Amino acid sequence: MSGRTSAVHLESERFSSFATARVAALTAIALLVASGCSGGVRHSRTTTSVASTTSSAPVPAPLQGLHKIQHVVIITQENRSFDSYFGTFPGADGIPTTPGIPTVCAPDPSTRSCITPYPDHHDVNTGGPHSATAAQQDIANGKMTGFVRALQAAPLGCRVPNEPDCVDPGSFVRAGGDVMGYHTQSDIPNYWTYARDFVLQDHMFEPNASWSLPAHLFQVSEWSALCTNHNPNSCHNALESPRLHRPVNGRHRPSPIYAWTDLTYLMHRDSVSWGYYVVPGQEPDCQNPDAIGCIPTKQRSSTPSIWNPLPYFDTVSNDHQEGNIQAIDHFYASAKRGTLPAVSWVVPSGALSEHPPARVTDGMAYVTSLVNAIMRSPDWNSTAIFLAWDDWGGFYDHIKPPSVDQNGYGLRVPAMVISPYAKTGYIDHQVLSFDAYVKFIEDDFLNSQRLDPKTDGRPDPRPTVRENVSILGNLANDFNFNQSPHPRVLLPPYPKTTLIG
């Protein structure tokens, strides 16, 4: 079999697998939304917002300011840059143009031309490599011109779409791949509606300059590390490969050790409820992010994976909190009953993630179903939804990331705040990263306690207390807690779009 034929065969095999996963995932979501979801949510702790009171109990004082938010929901999608989704959004720091013509480009070494950003109306994209190495290639010493070059230098023909250093044969169907393509309002109308009606953040950076696993680790713990044993002090910085281990008796450990402190430790200690909700389906799960192939694994709430790292954290098992990691139907059920925990993280399956080659329309439909469920919930008037994409996926962005420490920031990603107290039609230009989510949660529920090894009781050698970085903005600026609660904006999961294919 020739190299080209082999690559095409792999591509066909890959899309067939995703098509099967897509049908199963969409069927499951449709059933969940239609049925209202039966089943309960188990939390060992609850917040006062859902506690019952007796007629003789004193009436609590009205909540003020930030504390009007009693439920934080963090929805994380996959692999899109800010410019690829909102590069033409009015008023945002989008693709530079004069007038209306892009003034930026990325050199294509194969043709000695320079490819400017262009509208790409394909429902299925391919993107580019998005490892730590690819991030540095794309950034190109601050010139932001390496996207096509990084694409062409990446290994070709991976079996698994989530390999951060790999690209797929379909990337080369269009000249220069599609890393310079961007979507317009007519492609992703629901996302633009949320951005227009609530808050769009145009300087949200991935917290780490690397791929999905470190991004998800930072989201729950502010660090990505490799630990040699279950002592937090055995951990050391690992931007790219936190799951690889030093040999023990000539053998590698079968699973990683996440011994450093994560946010659930502080929440459990302070009786703050939380849930981590996982859409069942498939997700590649490779030990080596530089590998060119591995077998996709089934994803469910009990399966530790690159998008579901909490089961590997010592703090979660030591505090007997594994039951808070649940299937997505529990989230829909809790929203319907008005029993959302204080903090929820929600992660998709591969087919609903928008991670190439998943369809944009399917991801948008899934996110819309989540937002609609929250808006219909009795908890809506006390909820803040933080929606973001975990890394840039190799897609073009024109803003050089700030340097915080040896881990990041990474490239810009789309991000929004959806809440009854979110400012209306507001574009937040603050420098942000997912660290701001942790800071918001700590300020709202934990009396501003930080994941600081000097104060949290579990010392580890993390290089930076990320919440305290001076350039990090404050998400509280995205809210107006004196306004009347914003009305619900219920949208059809599958609106009419200009996406093709």
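**Burial, bonds and strands in a predicted model**

Trainee: Why is His 130 called buried?

Mentor: In this predicted model, His 130 has a relative accessible area of 3%. Buried means under 20%, so His 130 is buried.

Trainee: Where is His 130 placed?

Mentor: His 130 sits in the loop between β4 (118-119) and α3 (132-139). Its C-alpha is 8.7 Å from that of Ala 209, although 79 residues separate the two in sequence.

Trainee: What makes the pair of His 130 and Asn 79 a polar contact?

Mentor: The two side chains come to 3.1 Å, and the cut-off is a pair of N or O atoms within 3.5 Å. A polar atom of the His 130 side chain also lies 2.9 Å from the backbone oxygen of Gly 128.

Trainee: How do you know that a disulfide joins Cys 105 to Cys 114?

Mentor: The S to S distance is 2.0 Å, and a disulfide needs the sulfur atoms within 2.5 Å. The search of the whole structure finds two disulfides; another joins Cys 227 to Cys 235, with S to S 2.0 Å.

Trainee: Why is the disulfide of Cys 105 and Cys 114 called right-handed?

Mentor: The torsion about its S-S bond is about 90°, so the disulfide is right-handed. The link of Cys 227 and Cys 235, with 100° about the S-S bond, is right-handed.

Trainee: What makes both faces of strand β16 covered?

Mentor: In a regular strand the side chains alternate between the two faces of the sheet. In β16 (residues 415-418), Ala 415 and Val 417 on one side and Met 416 and Ile 418 on the other are all buried.

Trainee: How do you know that β16 pairs with strand β6 and with strand β15?

Mentor: Pairing takes at least two bridges. Strand β6 (residues 199-201) has two with β16, in the antiparallel sense, and Leu 200 stands opposite Met 416. Four bridges join β15 (residues 383-389) to β16, again antiparallel; there the partner of Phe 386 is Val 417.

Trainee: How does the lining of the second largest cavity divide?

Mentor: The lining has two nonpolar, four polar and three charged residues. Among them are Arg 80, Asp 120, Tyr 182 and Phe 395. About 40 Å³ of space lies in this cavity, and the structure holds three cavities of 30 Å³ or more.

Terms used: Residues numbered from 1 in each chain as written. Predicted model: local features only at pLDDT ≥ 70, side-chain atom pairs only at ≥ 80, totals over all residues. Heavy atoms only, no water. 1 Å grid on protein atoms, 1.4 Å probe; cavity = no way out; pocket = protein on both sides within 12 Å on 5 of 7 lines; lining within 4 Å. Points joined across faces, edges and corners; volume = space filled by probe spheres on them. Nonpolar A, V, L, I, M, F, W, Y, C, P; charged D, E, K, R; others polar. Buried < 20%, exposed > 50% of the residue type's maximum accessible area, 1.4 Å probe, protein only. Polar contact = N/O pair within 3.5 Å; in protein donor to acceptor, adjacent residues only side chain to side chain.
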